[in-house]
Amino acid sequence: MAPGGAKKNILERLDAGEVVLGDGGYVFELEKRGYVKAGPWTPEAASEHPEAVRQLHREFLRAGADILQTFTFYASDDKLENRGNVQSFTGKQINEAACDLAREVADEGDALVAGGVSQTPSYLSCKSEAEVKAIFMKQIEVYVQRKVDFLIAEYFEHVEEAEWAVQVLKTTGKPVAVTLCIGPEGDLNGVSPGDCAVRLVQAGADIVGVNCHFDPVTAVKTVKMMMEGVGKAGLKAHYMVQPLAYHTPDCNCQGFIDLPEFPFALEPRVLTRWDMQKYARDAYDSGIRYIGGCCGFQPYHTRALAEELAAERGFLPAASEKHGSWGSGLEMHTKPWVRARARRDYWEKLPPASGRPHCASMSTPAGWGVTKGDAQLMQKKESTTQDELKVLFGKTKCFS
């Protein structure tokens, strides 16, 4: 807390060199819990089942998160109405409820609330800059009214659309972070990570980085490329990284959505808590100070980040009361061979088995190679027809 009991804002924390931990993957986790539909991935649960969203916020806070993002991913009206998605609530109602839930839980600790916008179907359908910016403007009106602490433009595959988002978000006067869902190959138009970062800083972003689509190893590598580009341009920024909780060494530029396991068979790829500790250390050693997670991240993953960086942060999270460092709680186990695992050396060197003798270790990404402007990506309000699906089924590999 700052003097007088006020919370330090995000830039004050980063300017002071503090480690800021983000939360995790709300849409994926709430889909598994039965509150989000895979496909649209929209956040109606903020209005339909606020108790579920509140509980997940609370678990991330207890695990050590310093930032609670409003559950507003894909909550623009054009996405909520896309391809026959029937809504009981407007985008405004969902965003208002999400802001209230995040604030309620954040104020139980020293966490900040971040309001977010993400890429739009309108951009993919080649709508104009003015039309896309109007969508972002409509969303941020709620964030300003609900007094979120800062804003995040996240999950953008094209740097141009991210620039437009940053320009709109800057009009609020609040700190602005922006993350692209890209890897080392750059955005889907081939703009390099370094050049993307320069353009976003020039657009007004205070914090730049990546989220989603790739694993921690790939994400940290990509942010380092951003840092190099910004430095060469003589600019300054803070950096953030919020990767997947899945191993994705076989991904192409589209990331995990191109994997045949997406989205319902990704569990064999989940990172362990020990993988997460390595990620936290690698990100910190790379100079990144805003470290969090995206799809697949659960509260225990966030706790692992907090435990790895406990010395730098000066404390452990409340959730560590139920977790011994490097498995030390196993000292209390009834079986001696399990007690023998109560040490860092064991868990740090363990190569986990998958238990799936007929599975390959890598997949072949779908690689359809379509992006903005392709006829297959033109979005519509009407439901996808069976004839349209048959065409897609014919292009998709089946397994036996």
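**Notebook: aromatic pairs and the sheet**

I searched the whole structure, a predicted model, and got 19 aromatic pairs. My criterion was Phe, Tyr and Trp rings (six-membered ring for Trp) with centres within 6.5 Å; planes under 30 degrees apart are stacked, over 60 edge-to-face, the rest tilted.

I looked at Y26 and F60 next. Their ring centres are 5.3 Å apart and the planes stand at 50°, so this pair is tilted. It links distant parts of the chain: Y26 sits in helix α2 (residues 26-32) and F60 in helix α4 (residues 50-63), 34 residues apart. Helices (H or I, at least four residues) and strands (E, at least two) are DSSP runs, numbered from the N terminus. I found both Y26 and F60 buried. Buried is under 20% relative accessible area, exposed over 50%, partly exposed in between (1.4 Å probe, protein chains only).

I then took F256 and F262. This pair is edge-to-face, with 4.9 Å between centres and 75° between planes. F256 is buried at 1% relative accessibility; F262 is partly exposed at 23%.

Eight parallel strands form an open sheet, ordered β1-β8-β7-β6-β5-β4-β3-β2. Pairing needs at least two DSSP bridges between two strands. The edge strands, β1 (20-21) and β2 (67-69), each pair on one side only. I noted five bridges between β3 (residues 112-118) and β4 (residues 150-156). A114 has F150 as its bridge partner in β4.

Residues are numbered from 1 along each chain as its sequence is written. Local features need pLDDT of at least 70, side-chain atom pairs 80 or more, while totals for chains, interfaces and linings use all residues; side-chain values use heavy atoms, without hydrogens and water.
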